[in-house]
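The following exercises are meant to be worked through with the sequence and the model in view. Each task is followed by a solution in steps.

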Amino acid sequence: MTQVIYTSHDGEVHTLEGGDGDNIMRLAVKNGIPGIEGECGGVLSCATCHVFLDPADSAKLPPMSELEDEMLDGAAEDRQECSRLACQVTLSSELDTLHVTTPEFQS
């Protein structure tokens, strides 16, 4: 299990546990975490699950795909160094904890 700590842009914190194969977006939507919309359902056709990863956690993940990189250019809030689409971050047993912050705006 991976613990995912979601912090909203205004400091509200929610902690969830997800299993191998879950992704940050699906886990958030299923549990009503505010700030992650996931309008496309995780098929990489919107940017409404844009999150900012903690830099230390970002280094633990595989690099983003070219398509994810392009989708982030269309995000409602400007991307940052550790921006990712939550639907593209898959949990695995190698990850014990991930820290993500949601932007103020998703759409």
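**Exercise 1.** Which residue in S4 is the bridge partner of Val 51?

*Solution.* The model is a predicted one. Begin with strand S3, which covers residues 50–53. Strand S4, residues 83–85, runs antiparallel to S3, and three bridges join the two. Within S4, Val 51 has Arg 84 as its bridge partner.

**Exercise 2.** Describe how the side chains of S3 are directed, and decide whether Phe 52 is buried or exposed.

*Solution.* His 50 and Phe 52 point one way from the strand, while Val 51 and Leu 53 point the other way. All four of these residues are buried. For Phe 52, the relative accessibility is 9%. Buried means under 20%, so Phe 52 counts as buried. By contrast, the C-alpha atoms of Phe 52 and Asp 20, 32 residues apart along the chain, are separated by 21 Å.

**Exercise 3.** State how many salt bridges a search of the whole structure finds, and examine the one between Lys 60 and Asp 57.

*Solution.* Side chains of opposite charge can pair when their charged atoms come close. The search of the whole structure finds four salt bridges. In the salt bridge of Lys 60 with Asp 57, the closest N and O atoms are 3.3 Å apart. The next step is to consider accessibility. Lys 60 has a relative accessibility of 44% and therefore counts as partly exposed. Asp 57, at 3%, counts as buried.

**Exercise 4.** Which parts of the chain are linked by the salt bridge between Glu 68 and Arg 84, and what else does Glu 68 contact?

*Solution.* The side chains of Glu 68 and Arg 84 meet in a salt bridge with an N to O distance of 2.8 Å. This pair links distant parts of the chain, since Glu 68 belongs to helix H3 (residues 66–72) and Arg 84 to strand S4, 16 residues apart. Both Glu 68 and Arg 84 are buried; for Glu 68 the relative accessibility is 1%. The side chain of Glu 68 also reaches the backbone nitrogen of Leu 85 at 2.8 Å. Not counting residues up to four places away in sequence, Glu 68 touches Leu 44, Arg 84, Leu 85 and Gln 88.

**Exercise 5.** Locate the salt bridge of Arg 79 with Asp 69, and name the residues of the network to which they belong.

*Solution.* The closest N and O atoms of Arg 79 and Asp 69 are 2.5 Å apart in their salt bridge. Here too the pair links distant parts of the chain: Arg 79 is in the loop between H3 and S4, and Asp 69 is in helix H3, 10 residues apart. Arg 79 has a relative accessible area of 30%, so it is partly exposed. Asp 69 is partly exposed as well, with 33%. Finally, a network of salt bridges links Asp 69, Asp 73 and Arg 79.

How values were computed: Residues are numbered from 1 along each chain as its sequence is written. This is a predicted model: local features need pLDDT of at least 70, side-chain atom pairs count only at pLDDT 80 or more; totals for chains, interfaces and linings use all residues. Side-chain values use heavy atoms; hydrogens and water are left out. Buried means under 20% relative accessible area, exposed over 50%, partly exposed in between (1.4 Å probe, protein chains only). Helices (H or I, at least four residues) and strands (E, at least two) are DSSP runs, numbered from the N terminus. Two strands pair if DSSP finds at least two bridges between them. A polar contact is a pair of N or O atoms within 3.5 Å; within protein, one must be able to donate a hydrogen and the other to accept it, and residues adjacent in sequence count only if both atoms are side-chain atoms. Contact means heavy atoms within 4.5 Å.
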